[in-house]
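Here is a short briefing for a first look. Keep the sequence and the model side by side as you read.

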Amino acid sequence: IRMQKKGLLFSGLIVVNSLSNVAGTIVYALLISRDFYSIVFGQIIGNLSAFLVGSFADNELRRFSKVSLSKIKEHLKFGVPFLPTSLLFWLFSSIDRISLRQYSTFNEIGLYSAAFKIVSVMNLVQAGFTTFWTPVVYERYETDSEPRDFFRKANLIVSCVMFLFGFLVLGFKDLIFLLLNRSYREAAYIAPFLILYPIMYTISETTVMGINFTKKTYWHIVVTGVSATVNFVGNTLLVPHLGARGAAISTGLSYILFFTMRTMISERLYKIGFELRKVYIGTIVIVFVALVGTLIRSFIGTMLSSLIGVLAILLLYRKSASIVYKTIGDFLLRKK
């Protein structure tokens with residue numbers, strides 16, 4: 001369904017999954033036992049419901065076939081590495097909170113959780129892009145005799161958009177946190193480095209394809225494992241001294257390493273020739289702006305540094321920015 005780009009049906013299945021998950025959890029808790037098994041049961045019911053509805057809605061492409069041991073072996077070789085990768089990524093993305101629980105206070109944990117609210121705004125962009133990008137990239141790889149130029153252009157446009165969006169969020173972070181309770185406004189000085197998570201992850205989605213194209217998915221274990229280890233060391237060193245800020249700095253910088261390893265390995269397996277110089281210049285600029293937003297308690301200072309970042313990206317990605325501007329303009333004109 002996703003590979004057919006049936007976005008509405010795909011979204012509907014996610015809704016079915018979520019509603020069935022809630023219903024299954026409540027029913028188990030009320031009728032059997034109010035423990036963590038109710039959550040597990042709810043997830044099983046949610047996944048099963050989405051599977052059944054999806055199979056019925058897309059039954060034209062569902063058919064039985066003969067069992068092929070060679071195909072099963074091929075699919076297992078491709079898919080099994082994603083199991084340890086998922087566990088390692090869960091660990092990678094949880095180390096910051098585990099370290100805060102170990103070395104800091106509940107107050108710092110609360111502030112850190114509030115700081116993640118600003119990241120959730122960009123996570124919506126990340127999730128939407130990833131859902132759309134995967135079927136597009138495989139379709140291009142299968143049907144286009146020379147898809148590399150498309151991949152390079154996509155990387156430039158996505159990098160430009162994510163950096164610009166990141167600078168806008170950083171510039172207005174103080175205003176965003178005014179919406180929260182006064183006791184949580186200190187989180188505005190924790191959030192800046194967390195912006196690197198959705199930015200670097202989303203950009204890496206445009207550069208990591210070579211690993212999947214060549215079906216050498218075991219490299220995902222290496223990338224995630226090394227990134228998680230570095231994040232663990234960073235949190236261990238920084239959290240005892242800087243608290244939630246240290247966790248944010250370590251996590252943000254670890255995602256730069258995550259992007260770098262994904263890109264380098266993918267390029268070695270399937271050379272595309274990305275303009276990585278632009279990505280790394282943009283990364284350096286956003287790290288500088290994040291540092292200003294973390295250390296300087298000045299709305300004007302944060303806004304000025306973010307404005308400088310926006311201008312730097314517009315200058316660095318001139319052609320890509322013009323394409324984005326033209327696309328938005330054409331879309332708005334069609335709406336009128």
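Leaving aside its neighbours within four places in sequence, which residues is Thr302 in contact with? The answer is Leu170, Gly171, Lys173, Asp174, Gly293 and Ile296. This is a predicted model.

**Around Thr302**

- Thr302 is found in helix 13, which covers residues 299–316.
- Thr302 counts as buried because its relative accessibility is 1%, and the cut-off for buried is under 20%.
- Two of the contacts of Thr302, Lys173 and Asp174, also pair with each other in a salt bridge.
- The closest N and O atoms of Lys173 and Asp174 are 3.5 Å apart.
- Both partners are buried: Lys173 has 0% relative accessibility, and Asp174 has 15%.

**Other salt bridges**

- How many salt bridges does the structure hold? There are 13.
- Side chains of opposite charge can pair when their charged atoms come close.
- Asp96 and Arg97 meet through their side chains, at 3.3 Å from N to O.
- Asp96 is buried, at 2% relative accessible area, whereas Arg97 is partly exposed, at 37%.
- Asp149 and Arg152 form another salt bridge, at 3.9 Å from N to O.
- Both of these residues lie in helix 6 (residues 148–171). They sit three residues apart, which is about one turn of the helix.
- Asp149 is partly exposed, with a relative accessible area of 38%. Arg152 is partly exposed too, at 28%.

**Lys215**

- Where is Lys215 found? Lys215 is in the loop between helix 9 and helix 10.
- Lys215 is partly exposed, with a relative accessible area of 44%.
- Most residues other than glycine have a negative phi. Lys215 is not a glycine, yet its phi is positive, at about 60 degrees.

**The nonpolar core**

- In soluble globular proteins, nonpolar side chains tend to be buried together.
- The largest nonpolar core in this model has 69 residues.
- Helix 5 gives the most to this core, with 12 residues.
- Which residues have the most contacts inside the core? They are Tyr112, Phe151, Phe163 and Ile199.
- Ile199 touches Met122, Met162, Phe163, Gly166 and Ile286, not counting residues up to four places away in sequence.

**Ile256**

- Ile256 is found in helix 11.
- Ile256 counts as buried, with a relative accessibility of 15%.
- Leaving aside neighbours within four places in sequence, Ile256 is in contact with Leu196, Met200, Thr283 and Val287.
- Ile256 and Leu69 are 187 residues apart in sequence. In space, their C-alpha atoms are 40 Å apart.

**The largest pocket**

- The largest pocket holds about 610 Å³ of space.
- Of its 24 lining residues, the closest to the centre are Phe82, Tyr138, Glu205, Asn212 and His220.
- Which element gives the largest share of this lining? Helix 5 does, with seven residues.
- Six helices each supply at least two residues of the lining: helix 4 (82–103), helix 5 (106–143), helix 8 (196–205), helix 9 (209–213), helix 10 (218–242) and helix 11 (244–269).
- By class, the lining of the largest pocket has 13 nonpolar, seven polar and four charged residues.

**The second largest pocket**

- The second largest pocket has a volume of about 220 Å³.
- Which residues line the second largest pocket? They are Val125, Phe129, Ile157, Val158, Val161, Met162, Ile323, Val324, Thr327 and Ile328.
- Helix 5, helix 6 and helix 14 (318–335) each give two or more residues to this lining.
- Nine of the lining residues are nonpolar and one is polar. The lining of the second largest pocket has no charged residues.
- Met162 is one of these lining residues, and Met162 is also among the residues that Ile199 touches.

Key
Residues are numbered from 1 along each chain as its sequence is written. This is a predicted model: local features need pLDDT of at least 70, side-chain atom pairs count only at pLDDT 80 or more; totals for chains, interfaces and linings use all residues. Side-chain values use heavy atoms; hydrogens and water are left out. A salt bridge is a side-chain nitrogen of Lys or Arg within 4 Å of a carboxyl oxygen of Asp or Glu. Buried means under 20% relative accessible area, exposed over 50%, partly exposed in between (1.4 Å probe, protein chains only). Helices (H or I, at least four residues) and strands (E, at least two) are DSSP runs, numbered from the N terminus. On a 1 Å grid over the protein atoms alone, a cavity is a set of points where a 1.4 Å probe fits but cannot get out, and a pocket is an open set with protein on both sides within 12 Å along at least five of seven lines; lining residues have an atom within 4 Å of a point. Grid points are joined across faces, edges and corners, and a volume is the space filled by probe spheres set on the points. Ala, Val, Leu, Ile, Met, Phe, Trp, Tyr, Cys and Pro count as nonpolar, Asp, Glu, Lys and Arg as charged, and the others, Gly among them, as polar. A nonpolar core is a set of buried Ala, Val, Leu, Ile, Met, Phe, Trp, Tyr and Cys residues joined through side-chain atoms within 4.5 Å. Contact means heavy atoms within 4.5 Å.
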